[in-house]
Amino acid sequence: MNIRPLQDRIIVERVEEETTTAGGIIIPDTVSKEKPQEGKIIAAGKGKVTPEGKVLPLDVKEGDRVLFGKYAGSEIKIDGVEYLIMREDDILGVVE
């Protein structure tokens with residue numbers, strides 16, 4: 001992928017939820033599923049620019065697994081793959 005987000009924006013690829021429970025029960029596709037609210041950061045910008053012109057680096061980096069709100073970001077499609085582009089403020093937490 002040849003795209004670089006600007007300032008405090010990041011590109012996230014959603015992580016699909018598992019279709020099997022811890023006990024080995026398979027969840028059928030007929031169960032209405034919502035889109036996952038967890039993803040992996042594919043690309044990140046340099047950081048937020050303050051009014052004084054100073055760049056504040058991001059708290060997240062490429063490869064981090066993050067949680068975000070249900071309606072966070074804008075969906076984009078690159079090379080047939082769906083991604084979300086959002087600001088760092090839309091991230092609720094980092095999964096460690």
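**Contacts, core and strands**

Guide: Leaving out residues up to four places away in sequence, alanine 72 touches Leu84, Met86 and Asp90, where contact means heavy atoms within 4.5 Å. This is a predicted model, in which local features need pLDDT of at least 70 and side-chain atom pairs count only at pLDDT 80 or more, while totals for chains, interfaces and linings use all residues. Residues are numbered from 1 along each chain as its sequence is written, and side-chain values use heavy atoms, with hydrogens and water left out.

Visitor: Why is aspartate 90 called partly exposed?

Guide: Its relative accessibility is 29%, and buried means under 20% relative accessible area, exposed over 50%, and partly exposed in between, with a 1.4 Å probe and protein chains only; aspartate 90 therefore counts as partly exposed. Aspartate 90 lies in the loop between β7 and β8, strands being DSSP runs of E with at least two residues, numbered from the N terminus. With neighbours within four places set aside, aspartate 90 is in contact with Phe68, Gly69, Ala72 and Gly73.

Visitor: What makes valine 95 partly exposed?

Guide: Valine 95 has a relative accessible area of 35%, so partly exposed is the term that applies. Valine 95 is placed in strand β8 (residues 91-95).

Visitor: Which residues form the largest nonpolar core?

Guide: That core has 11 residues, namely Ile10, Val12, Ile41, Leu58, Val60, Val66, Phe68, Ala72, Leu84, Met86 and Ile91. The term denotes a set of buried Ala, Val, Leu, Ile, Met, Phe, Trp, Tyr and Cys residues joined through side-chain atoms within 4.5 Å. In soluble globular proteins, nonpolar side chains tend to be buried together.

Visitor: Which strands each supply at least two residues of this core?

Guide: They are β1 (9-14), β5 (65-68) and β7 (81-87).

Visitor: What do β6 and β7 form?

Guide: They form a hairpin with 2 residues between them, and aspartate 79 in the turn has a positive phi of about 55 degrees. Strand β6 (residues 74-78) pairs with β7 in the antiparallel sense over 5 bridges, with serine 74 opposite isoleucine 85.

Technical notes:
Helix = DSSP H or I, 4+ residues; strand = E, 2+ residues; numbered from the N terminus. Pairing = 2+ DSSP bridges.
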